Structures are given as structure tokens and as C-alpha cells.
Amino acid sequence: TWVGALGSILLAMASPQAGMAALTGTLAGSQQGLISFTRQNEEEADRIGIQVLQRSGFDPQAMPAFMGKLLDESRYSTRPPEMLLTHPLPESRLADARNRANQMRPVVVQSSADFYLAKARTLGMYTSGDNKLGNDLLSSWEKGNIREQHAAQYGRALLAMGNNNYDLARKTLQPLLSAEPQNAWYLDLATDIDLGQKRATDAINRLKGARELRTNPVLQLNLANALLEGGQPGEAATILNRYTFNNKDDVNGWDLLAQAEAKLGNRDQELAARAEGMALVGRLDQAITLLSSASSQVK
């Protein structure tokens, strides 16, 4: 504490060696107290967090399960995830979370249709290796409830599209789309298939008829992309200018806007859009260079 430090300084005036020893001990004790205080904060946060999960209808076992995955991922890593550098995850913290969860009433959570569809799309399009969408998972879903069965069929369509088998993808998806023509997940995949088969007009018409178009950013970006593919950069730019105004942190929006402005021959606007995208991914020097180039284009 500051009182101990002040006393050590006064002692140093009489005996420098004794004073420095006392000051070192005081600061070390203060640091240890801070560490203990931080650990108490972590324990309290875990306790409150698991209570909030349980009261909100979520499975409290999910918290120690997630902690266990984090611990397993970082166990043999030379550098753990950045979050764990400031919020360490010792075995004792995991054990405490498990103990608290075991004392709570179990909650059975039914995963929604959106959850299964999101999982299928994420595994099918954005992962690789052991985590990629595979036949084992799809087969297990096909034996499950109706939500899992629909997700399995959607996943089969995703895999077919990923293999450039667009006819099979369309045939597999069509029953789902016919049953739920306004389902955003199915519309998204259907337009991907349309564009894969160079049927931009079909994709544009499909998306313009979507009820969620005004509120769903994925459908808005899909429509802009379809318009670009269909040779309508002006309408695409109109949509993307509005989109990037409302979603300033979306790199995809700025990238598509840059493409639209390039096709329109608006070099300054193209460079400005590319600069926004560069800044969002931390490439500030390149962003500044692009903005300077854009400024010179205006002159």
C-alpha cells in the first residue's frame, strides 16, 4: 500500500539497504494482493454467469463444457488465446464451474431450426479438416427430429454445391424451398446455386421477392452481388451505399461497393470504398494511400 511504500522510503533515508528491501517487499505484497483480488473477481463472475445461464433457461453445464474446450485447445499451445492471457483458466476454475453446474437443476434445451441450419452452413462452407460437414453428422441428423432432418437435407444441398454439382444441389434443396419459400437460409443457398449456374436474373427476382430483404443483411448483400453478376452495377451501388451506411464495419459490403463503383467507372469512389475495407482489417497504411489516391482523382 502507499502507507507501506512511504514508510519504506523514510527507512531508506536512514538505511538505504534496509529501505530498499522493505520497499521491494511492500510492492511484492501489493502485487500479490492484486492477483488474489483478480482471482476473486473471476470466481464471482463465473458464479454469477452460471446463475444467469440457468435462470435464462440455458443449460448451466454449457459453461464448464465451453471452459473445457478452451482449456483443451490451449493445453499444448506455446501461446494460449489472447483472452486467456488476461483471464487465465486453471484446472481449479474449471472444476469449480463443474461443481456449481452439477448443483443446479438441469435444463433441457431444444436447439432451434436456425441453429441446425447455421451449423450446417458454417461447417459446410467455412471450415475444413475434421470439423468440416461430413456424412456421419448428416446421417445422424437424418435419424433425428424434423429440424435435424431438414438441416441434413440442407447440408446435402450445400455439399453438392461445393462440388459444383448445381443440378443435384437444386434438386435437393427444392423440397425445402417449396415448403418454406421465405426461409432466408434456403433463399440464400438457392441464390448461390443460381449464380453458380450463371442465372443472375433468377437470383435477382428471387431475392427481390423476399419478405426479409429490408431487414436481412445477408439477403441484401446477395442481391447486390447478383445485380453485379447480372450487369446492373448502378442498382447494386445504390443498395451498397445504403448498406455500408448502416453496416460500417462489414468488409464484404465495402468490397462489393468498390466492385460496383469500378464497373461504373467512378475511380474515386472505388478507391474510397477499398480504403474503408483496408482500414477495417488493420491495413491503415494502405488505406491512407488509397484515400490519397481517391482525393487526387477528385481534383
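**Exercise 1. Work out whether Arg121 is buried or exposed, and find its salt-bridge partner.**

Step 1. Arg121 has a relative accessibility of 8%, so it counts as buried; here buried means under 20% relative accessible area, exposed over 50%, and partly exposed in between (1.4 Å probe, protein chains only). Keep in mind that this is a predicted model, where local features need pLDDT of at least 70, side-chain atom pairs count only at pLDDT 80 or more, and totals for chains, interfaces and linings use all residues. Residues are numbered from 1 along each chain as its sequence is written, and side-chain values use heavy atoms, with hydrogens and water left out.

Step 2. The partner is Asp188, and the closest N and O atoms of this salt bridge are 3.0 Å apart. The rule asks for a side-chain nitrogen of Lys or Arg within 4 Å of a carboxyl oxygen of Asp or Glu.

Step 3. Asp188 sits in helix α10 and Arg121 in helix α6, so the pair ties together parts that are 67 residues apart in sequence. Helices (H or I, at least four residues) and strands (E, at least two) are DSSP runs, numbered from the N terminus.

Step 4. Asp188 is buried too, with a relative accessible area of 6%.

**Exercise 2. Check the length of helix α6 and list what covers its buried residues.**

Step 1. Helix α6 covers residues 113-125, which makes 13 residues. The expected span is 1.5 Å times one less than the number of residues.

Step 2. That gives 18 Å, and the end C-alpha atoms are 18 Å apart, so the two agree.

Step 3. Buried in α6 are Tyr116, Leu117, Ala120, Arg121, Leu123 and Gly124.

Step 4. Their cover includes α7 (135-142), α8 (146-162) and α10 (184-196), where contact means heavy atoms within 4.5 Å.

**Exercise 3. Describe the surroundings of Arg170.**

Step 1. Leaving out residues up to four places away in sequence, Arg170 touches Ile193, Asp194, Gln197, Arg199 and Arg206.

Step 2. With Asp194, Arg170 makes a salt bridge whose closest N and O atoms are 2.9 Å apart. Because Arg170 is in helix α9 and Asp194 in helix α10, the pair ties together parts that are 24 residues apart in sequence.

Step 3. Asp194 is buried, at a relative accessible area of 0%.

**Exercise 4. Explain how Arg47 and Glu44 are placed within their helix.**

Step 1. Their side chains meet in a salt bridge (3.9 Å, N to O).

Step 2. Both belong to helix α2 (residues 16-55); they are three residues apart, so about one helical turn separates them. An α-helix has 3.6 residues a turn, so residues three or four places apart point the same way.

Step 3. Arg47 is partly exposed at 30% relative accessibility, and Glu44 is partly exposed at 40%.

**Exercise 5. How many salt bridges does the rule give, and which residues are linked in a network?**

Step 1. The count comes to 13 salt bridges.

Step 2. The network links Asp255, Arg267, Glu270 and Arg274.

**Exercise 6. Locate Ala95 and relate it to Met67.**

Step 1. Ala95 is in helix α5 (residues 91-102) and is partly exposed at 43% relative accessibility.

Step 2. Ala95 and Met67 are 28 residues apart in sequence, while their C-alpha atoms are 9.9 Å apart in space.
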